[in-house]
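The sequence and structure come first.

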Amino acid sequence: MKEEAKELTGAQIFVESLLKLKVDLIFGYPGGVVLPLYDELFKYQKPRHILVRHEQGAVHMADGYARSTGRVGVALVTSGPGATNTVTGIATAYMDSIPIVVFTGQVPTHMIGNDAFQEADIVGITRPCVKHSYLVRDTKDLAQTIAEAFYIAASGKQGPVLVDLPKDVLVNQAKFTFPESVELRSYKPNVSAHVKQIERLADALEESKRPVLYVGGGMISANAADELKKLSHHTHAPVTETLMGLGSFPTADPLQLGMLGMHGTYRANMAVSHCDLLVALGARFDDRVTGKIDEFAPHAKKAHVDIDPTSISKNVKVDIPVVSDLKDALKKLNTEIAKRKADWRHKHEDWLAQIAEWKAANKMRYQPKKNIIKPQFVVEEIDRITGGDAIFTTEVGQNQMWAAQFLKLNRPRTFLTSGGLGTMGYGFPAAIGAQAAFPDKIVIDIAGDASIQMNIQELGTAMQYRLPVIVVILNNGFLGMVRQWQQLFHGRRYAYSCTEFQPDFVKLAESYGALGLRVEKPEEVGPSLERAIAARKPTLIDCVVDREENVYPMVPAGAPITKMLLA
Amino acid sequence: MRHTISVLVENKFGVLSRIAGLFSGRGFNIESLSVAPTLDSSTSRMTIVTRGDDDIVEQITKQLNKLIDVIKVVDFTRDEEFVEREIVLVKLNAEPSNRAEILRMTEIFRGKVVDVSARTYTIEVTGTEGKVGAFIEMVKPLGVIEIARSGKIAMSRGKKSLG
């Protein structure tokens, strides 16, 4: 016999719905209008709630959780300032297509629009940076809305969904039935690749003498790394990754070209600029990748597989468009390729030889100094000591680029970085989110001294929940990337880019009860990392690095990507 | 080039601002927009007139389709034969000297007088955008006080329908 649906309060429906969705973690911060909800979270004692120190941190943590696990991350905040503090986190997730659901409190429905205490039109404020949003007006719609929010966040091109919850909706009662599945007439995420287009793509690969596979963050969202490896290894087609695509294809693979674009490798940028076929896989021809767009991959026929039709032919005209889930498309492509009789092994030997020449001509490198720590060396030490078996996050700027250039990544979902929005202050809370999802893994935030201070308050969160995140600060006393641009393009006028005052990071960490280490000599870097890993507690390592070290190669903004400054 | 696009949307809270926000946020322009519920009160139909080269209009239709509340998008200008209508109300100074001319113009354009006062006539004209525009041009010299245009609505010819 079917159980009669029970009358529950909105707050109870909220918790029951999250449990139905198997949500295990919420990152949140209570406040006035969401107190009924917090009361239920207290009574249920699940899902587990992590109290953050700032709402922006909650959203980045949910984002870090989502990127590292592939599951939907959840943040919960109160109305007004609680809600507005989430905006940067939501925009970060939106630009990188990360599935999160952000629940915001709202004043009671009858007070909306009256400028009530802690009222903000958060649906309006976030409209341009959400995949979708809801203002729930009636308790009886709540369960359905939550089900839709999770479905929309996680399907198609993933992204953040905001659900605004007025206080009366949480207090009032309604019958609770949770939908078994969600069907929306206006939203049919196109998932399956068209066979004819796959055949055309296979033809193009067969005809190509100089192919390049150009892989973006979509590869990670689609969990299609195995299919990518199969495609690349079978066809001997080299792979280049965007910042967002890093981890899709092992760094050490002989067919790996490294990252492309503004701070990409010499060989990747040369290969893309000379290829005759460029196959974009879940990448979107972003300006940091293409440089001067008219001169991007000028000799190439272009194919583009993407789940988002708006990404196709947005920046670059594409010859073979394939709107599809990447995993589905690659499976079909691999099947199709297997039927072809091309001599894949020898078909573009010359091309691979040319790439090897480019690789030999310009390796990713830096000039070590005896008594000064080079930031790149710190990243290499992190890589050496962890053996790549860790989850890495970054802040934004030079730290992010050095991490991208010098880490050797073997698996997807191990490199979490704010690619599209470029959010300083992302890395530390994202690391906490990842660590909460994987308590036993080593999680390291590669940070700068400026960006770490944007969300450093989350040390409190890391301590409270014993999340042993390691923050490695590449401390150069500058807003490093800003300073680099000022040096190169603004006549060395370092306008307000020097943080002349800094806290004592060691004491700061210690004041939270965390481990603080200061490292001033190259030979201390490794041992300090080993100590941090052994300590299994939140750790800040303040690495004093060469102050005016630059990130190279660098393509000046707007230049073609073959015009690289190499040192 | 100008394009006339019809959009069938879920008749939900905030859907108009999602569409308007999409155009402003991505730098697309809207020349006119009209919206009202359809036979099915859970959906609304919008007619948007926009301007842009083919690539831009393609982006516009794709971006509209990407919105969760959008059910269907048809670019009439690109894809279909269609009929279009617009309605305008024009309030004119009605002096003894120009009343006859106003009425003559109204007759030529098959318009109607919908309101009369001691000093004013309000005229309704329905037709294509071109016809409505031409009527306004013709009566301008007669002393227009204000106009209200509905913006274009459109529908495909023959059996095809939006939803």
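Q45(A) counts as exposed because its relative accessibility is 59%, where exposed means over 50% relative accessible area, buried under 20% and partly exposed in between, with a 1.4 Å probe and protein chains only. Q45(A) sits in the loop between α2 and β3 of chain A; helices (H or I, at least four residues) and strands (E, at least two) are DSSP runs numbered from the N terminus. Although Q45(A) is not a glycine, its phi is positive, at about 60°.

This is a predicted model, in which local features need pLDDT of at least 70, side-chain atom pairs count only at pLDDT 80 or more, and totals for chains, interfaces and linings use all residues. Residues are numbered from 1 along each chain as its sequence is written, chains are lettered from A and ligands numbered from 1 in the order in which they are written, and side-chain values use heavy atoms, with hydrogens and water left out.

**Backbone features of chain A**

The loop that holds Q45(A) also contains P47(A), between α2 (35-44) and β3 (48-51). The peptide bond from K46(A) to P47(A) is cis, with omega near -10°. Another cis peptide bond links Y552(A) to P553(A), and its omega is about 0°. P553(A) belongs to the segment after β20 (539-544) of chain A.

F285(A) also has a positive phi, about 55°, without being a glycine. Its place is the loop between β12 (277-281) and α13 (287-290). Is F285(A) buried or exposed? F285(A) counts as buried, because its relative accessibility is 2%.

T78(A) lies in the loop between β4 (73-77) and α4 (81-84) of chain A. With a relative accessibility of 4%, T78(A) counts as buried. Contact here means heavy atoms within 4.5 Å. Leaving aside neighbours within four places in sequence, T78(A) is in contact with residues including Y29(A), P30(A), G31(A), G32(A), V33(A) and V34(A). Also among its contacts are A83(A), T104(A) and G105(A).

**Chain A as a whole**

Chain A has 23 helices and 20 strands. What radius of gyration does chain A have? The value is 24 Å, which agrees with the figure near 24 Å for a compact globule of 567 residues. That radius is taken over C-alpha atoms, and the globule rule is 2.2 Å times the number of residues to the power 0.38. The C-alpha trace spans about 70 × 60 × 40 Å along its principal axes.

**Chain B as a whole**

Five helices and nine strands make up the secondary structure elements of chain B. Their order from the N terminus is β-α-β-β-α-β-α-β-α-β-β-α-β-β. The C-alpha atoms fill a box of roughly 55 × 35 × 35 Å along the principal axes.

D54(B) is part of helix α2 (residues 54-66) of chain B. At 57% relative accessibility, D54(B) counts as exposed. The C-alpha atoms of D54(B) and H3(B) are separated by 9.5 Å, while the two residues are 51 residues apart along the chain.

**Values for the two chains**

For charges, Lys and Arg count as positive and Asp and Glu as negative, while His and the chain ends are not counted. The place of a charge is NZ of Lys, CZ of Arg, CG of Asp or CD of Glu.

| Property | Chain A | Chain B |
|---|---|---|
| Buried residues | chain A: 61% of 567 residues | chain B: 44% of 163 residues |
| Distance between mean positions of positive and negative charges | chain A: 3 Å (64 positive, 63 negative) | chain B: 2 Å (24 positive, 22 negative) |

**The interface**

How many residues of chain B are in contact with chain A? There are 20 residues of chain B in contact with 19 residues of chain A. The two chains bury about 1700 Å² between them, 49% of it on carbon and sulfur atoms. Buried area is the accessible area (1.4 Å probe) that two parts lose on being put together, summed over both. F13(B), R18(B) and I68(B) supply 41% of the area that chain B buries against chain A, more than any other three residues.
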